[in-house]
Amino acid sequence: MKQRAKRSTWLISSVLAVLLLLSGCGQDLKEENRQDTITPKDDSLIVVGVSQIGSESVWRTANTASIQSTFSKENGYFLIFDNARQKQENQIKALRSFISQQVDYIVFSPIVEDGWDTVLKEAKDAGIPVILMDRKVNVKDESLYTAWVGSDFTEEGKRAGRWLSGHLEEEGRGDETVNIVVLQGTNGSSSVIGRTKGFDSVAAQHDKWNILEQVDADFTTAKGKEEMNKMLQKYEDIDVVVSQNDDMTFGALEAIQEAGKTTGTQGGIIVISFDATKSALEKVEEGIINVDIECNPEQGTYIEKVIKTLESGERAEKEYFVSERVFTKKNVDSVIDDRSY
Ligand code: AHR
């Protein structure tokens with residue numbers, strides 16, 4: 001606790017100094033900045049530096065909201081939040097800045113798995129525990145981070161595959177050749193690696209499943225539409241679209257509609273999506289998307305649990321999985337009204 005008080009005081013004086021400079025020496029701080037100036041009682045706040053990937057998707061925005069509401073002053077935290085705008089180099093810069101500010105904990109969602117050994121070693125040498133959120137890192141030494149909180153992406157991919165297998169059987173199409181295209185998110189990210197691996201493992205058990213192409217569409221609606229357009233022009237007979245997040249799915253749906261084709265429970269192309277955001281679940285309810293594999297962005301409370309465990313002097317588990325489900329027309333009504341993102 002003493003160490004935290006020292007760190008926080010140092011950090012807060014820096015913030016205060018910068019604010020004073022920005023506001024013009026001698027002038028009062030503006031009201032909106034006042035909350036960032038710390039009184040002595042704030043020495044008890046736990047300082048958490050969070051590096052977020054960006055705001056590429058509705059899921060990401062919900063993930064950020066979960067972090068911001070959990071790590072509030074009312075809950076006993078001083079949050080330093082950085083949005084890396086989809087660049088690994090920005091995340092590395094943010095981490096280094098958290099290290100130099102001697103925060104108590106670093107939380108970050110690594111955009112890709114590779115390339116973190118050096119900066120994580122710097123955090124470890126500074127004695128700052130690092131908690132990975134959402135995605136994982138590929139490092140030689142696993143002790144470079146304390147814990148990870150996130151989704152079982154491989155299981156999500158398997159769920160998509162198992163659902164497709166069951167659906168084709170139900171429709172009496174189990175022996176048919178099915179042509180599949182896959183819209184993938186950020187290349188090299190854990191979500192893409194896991195979902196692809198999981199889906200491919202089920203596909204490998206079906207010799208009639210023909211994966212025509214897997215393309216990178218960046219987890220965004222614009223890219224999802226662009227890539228889907230190209231594939232519709234290239235392939236006459238697409239039976240299934242696996243879209244690794246809802247934002248890309250919305251882009252793909254636009255492209256499919258503009259091509260004069262239909263999707264979903266009554267349509268021609270089967271659509272499998274990931275995330276289960278409210279607007280996508282509404283499309284499941286309407287029968288436009290067949291199935292949505294949930295990816296739970298509400299990870300703030302799980303991360304807080306890890307921090308509380310560490311604060312009490314106990315060892316945290318290395319991995320914490322968030323809970324997730326699969327939604328189709330049959331069960332989507334049970335969640336749609338309560339979904340906040
Ligand atoms: O890593 C989680 C993925 O990242 C979500 O599926 C996607 O929407 C987000 O941008």
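Predicted model: local features only at pLDDT ≥ 70, side-chain atom pairs only at ≥ 80, totals over all residues.

Q: Which residue in β5 is the bridge partner of aspartate 134?
A: The bridge partner of aspartate 134 in β5 is glycine 150.

Q: What makes β4 and β5 a pair of strands?
A: Strand β4 (residues 130–134) and strand β5 (residues 147–150) run parallel and are joined by 4 bridges. Pairing requires at least two bridges between strands, and the 4 bridges found here meet that condition, so β4 and β5 count as paired.

Q: Why are β2 and β11 called edge strands?
A: The open sheet has 6 strands in the order β2-β1-β3-β4-β5-β11, with parallel pairing. Strands β2 (77–83) and β11 (319–321) each pair on one side only, and are therefore its edges. From one strand to the next, the twist averages 20 degrees.

Q: How do you know that α6 and α7 meet?
A: Contact means heavy atoms within 4.5 Å. By that criterion, residues of α6, including Phe153, Ala160 and Leu164, meet residues of α7, among them Ser190, Phe199 and Val202. The axes of helix α6 (residues 153–170) and helix α7 (residues 190–203) come within 6 Å and cross at roughly 35 degrees. The crossing is right-handed.

Q: What is the make-up of the contact of α6 with α7 by class?
A: This contact has 5 nonpolar, 8 polar and 5 charged residues.

Q: What share of the chain counts as buried?
A: Buried means under 20% relative accessible area, and 51% of the 341 residues count as such.

Methods
Residues numbered from 1 in each chain as written. Heavy atoms only, no water. Axes fitted to C-alpha atoms, helices over the stretch in contact; angles between N-to-C directions. Helix = DSSP H or I, 4+ residues; strand = E, 2+ residues; numbered from the N terminus. Left-handed = near helix turned anticlockwise from the far one by under 90°. Nonpolar A, V, L, I, M, F, W, Y, C, P; charged D, E, K, R; others polar. Buried < 20%, exposed > 50% of the residue type's maximum accessible area, 1.4 Å probe, protein only.
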